[in-house]
Amino acid sequence: MDRLAIGCLSVFGLPPVGLVNLAADVGCRHISTTVRGFPLVPLGYRPFTLKDTALRMELRAALNHRGASISLGDGFLVLPDTDVAVYCGDLDVLAELGTPRISVVSLDPDLGRTLDQFSILAALAAQRGIITTLEPVPGLTVGDLPTALAALKHVARPDFVLLIDTMHLVRSGSGAADLAALQPGFIGYAQLSDTTFRPRGDNYMDEAMFERMVPGEGELPLHDILSALPRDIIIEIEVPQRSPAMNGVDPIDRLRPCVEAARRLLAGTSAG
């Protein structure tokens, strides 16, 4: 099983057909995507929407041609005063493209409402054969592993599981031992990057969105974390690097070292 995916955040709004080709060129068979894409940094990419029929046809053709698949539909947000039922059209598009799972985070400070919205979204996704993964992100409503586990208990569905991001996991105060203690089936997806233990700036989200490190070049205990993860889940490389991108380094040259490092790490762990 080829377990590596290239995450859409790593390429700052590169349209999905380009991401499929990039992933295939670096030896990966999976990508994540958002339904709507906007350039995160000025690299000349145009906004896109997968609700465009022609783009979906082009994307399906690219996936078939390169032997690739979409591993994750990213970008689902619980927002204050907005019902997640607004995402039904997005879920239909992702289901048409064969997307097996989505990820969700909450920007609604009301934890009780957040949990109820998770339940609604998980049910809507399940109607379309899609699993929902919850990503704990420091600073957001569900910011750590204990809160995420409480959300899993509230939703109480086998198709509502965790997405483990290595940076977020460690910066929120958890680690490999916490993952190893989880019940089987609780983790459905992972995102791999590296960073330092201490913040590298004043804004956590800015660092997370734009300035991550190649796996193995930071301080995270990636070997231990990968060893604690289930052996059958996709490992998405999520390494956005704005500085080299703005200095003209092509996406393939930014991502190839990440893929090589990820393969070395997986080969050296029980998750390999």
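Modeller: Helix α1 (residues 16-25) is largely enclosed by the rest of the structure, because seven of its 10 residues are buried, where buried means under 20% relative accessible area, exposed over 50% and partly exposed in between, with a 1.4 Å probe and protein chains only. Helices here are DSSP runs of H or I of at least four residues and strands are runs of E of at least two, numbered from the N terminus. This is a predicted model, in which local features need pLDDT of at least 70 and side-chain atom pairs count only at pLDDT 80 or more, while totals for chains, interfaces and linings use all residues. Residues are numbered from 1 along each chain as its sequence is written, and side-chain values use heavy atoms, with hydrogens and water left out.

The buried residues of α1 are Pro16, Val17, Leu19, Val20, Leu22, Ala23 and Ala24. What covers them includes the strands β1 (4-6), β2 (30-34) and β4 (48-49), together with the helices α2 (53-66) and α11 (251-267), contact meaning heavy atoms within 4.5 Å. Just after α1, Gly27 takes a positive phi of about 85°.

Rings of Phe, Tyr and Trp (its six-membered ring) pair if their centres lie within 6.5 Å, and planes under 30 degrees apart count as stacked, over 60 as edge-to-face and the rest as tilted. By this rule there are three aromatic pairs. The pair of Phe12 and Phe210 is stacked, because the ring centres are 6.1 Å apart and the planes stand at 25°. Both Phe12 and Phe210 are buried.

Another of these pairs, Phe76 with Tyr87, is edge-to-face, at 5.0 Å centre to centre and with 65° between the planes. Phe76 belongs to strand β5 (residues 69-78) and Tyr87 to the loop between β5 and α3 (88-96), so that the pair links parts of the chain 11 residues apart. Phe76 counts as buried at 2% relative accessibility, and Tyr87 counts as buried at 13%.

The loop between β5 and α3 is also the place of Asp83, which is partly exposed, with a relative accessible area of 35%. Leaving aside neighbours within four places in sequence, Asp83 is in contact with Arg113, Gln117 and Ile120. The C-alpha atoms of Asp83 and Ile120 are separated by 8.8 Å, although the two residues are 37 apart along the chain.

Turning to helix packing, helix α4 (residues 111-126) and helix α5 (residues 145-155) pack at an angle of about 55°, with their axes 9 Å apart; axes are lines fitted to C-alpha atoms, for helices over the stretch in contact, and angles run from 0 to 180 degrees between N-to-C directions. That angle makes α4 oblique to α5, since angles under 35 degrees count as roughly parallel, over 145 as roughly antiparallel, 65 to 115 as roughly perpendicular and the rest as oblique. Leu111, Leu115, Asp116, Phe118, Ser119 and Ala122 of α4 meet Thr147, Ala151, His154 and Val155 of α5.
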